[in-house]
Amino acid sequence: MTPDTQFDFWLGHWDLTWADGGKGTNTITKELDGHVVHEHFNDPTNKYSGESWSVWDAAAGKWKQTWVDTQADYMTFEGGLVDDRMELSMHKPDKKTGQVFLYRMAFFNISPAAFDWEWKRSPDEGKTWELQWTIHYVRKG
């Protein structure tokens with residue numbers, strides 16, 4: 001596997017579920033001559049959607065991702081494979097308190113038909129983590 005294909009497990013059409021009974025969909029495609037991974041996330045129950053663009057930055061030796069959504073969030077992440085997990089992280093202030101947290105998303109338990117995703121934040125640069133959201137992905141069809 002070359003670095004620019006490390007996100008290929010994510011490509012396709014997915015049904016999503018999370019712990020509070022929420023459901024959504026996500027469609028992931030490769031675009032721009034196969035150099036950009038484009039995400040289309042949709043949570044119809046909460047009328048929430050977002051898109052991300054991920055690219056392998058060979059000079060930096062990392063994946064970089066930009067996320068935008070219907071809550072006017074704009075986030076930029078970077079990272080890559082850590083053992084058998086894809087991890088991307090960023091620093092961002094909390095909207096209510098202004099406290100800066102380290103945020104990390106991780107894709108794990110990856111198989112051709114399913115995987116898990118989690119969103120955590122750390123107030124102390126990764127010494128401790130607070131789980132914010134988990135999503136279970138199942139490939140459609």
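**Lys 92 and its chain**

Modeller: Lys 92 is buried, with a relative accessible area of 18%. This is a predicted model: local features need pLDDT of at least 70, side-chain atom pairs count only at pLDDT 80 or more, and totals for chains, interfaces and linings use all residues. Numbering starts from 1 along each chain as its sequence is written, and side-chain values use heavy atoms, with hydrogens and water left out.

Colleague: Why is Lys 92 called buried?

Modeller: Buried means under 20% relative accessible area, exposed over 50%, partly exposed in between (1.4 Å probe, protein chains only). Lys 92 has 18%, so it is buried.

Colleague: What makes the link between the side chains of Lys 92 and Asp 73 a polar contact?

Modeller: A polar contact is a pair of N or O atoms within 3.5 Å; within protein, one must be able to donate a hydrogen and the other to accept it, and residues adjacent in sequence count only if both atoms are side-chain atoms. The pair here lies at 2.9 Å.

Colleague: Which residues does Lys 92 touch?

Modeller: Leaving out residues up to four places away in sequence, Lys 92 touches Asp 73, Tyr 74, Met 75, Gln 99, Val 100, Phe 101 and Tyr 103. Contact means heavy atoms within 4.5 Å.

Colleague: How many strands are in the protein chain?

Modeller: The protein chain has ten strands and zero helices. Helices (H or I, at least four residues) and strands (E, at least two) are DSSP runs, numbered from the N terminus. Lys 92 sits in strand β7, residues 85–93.
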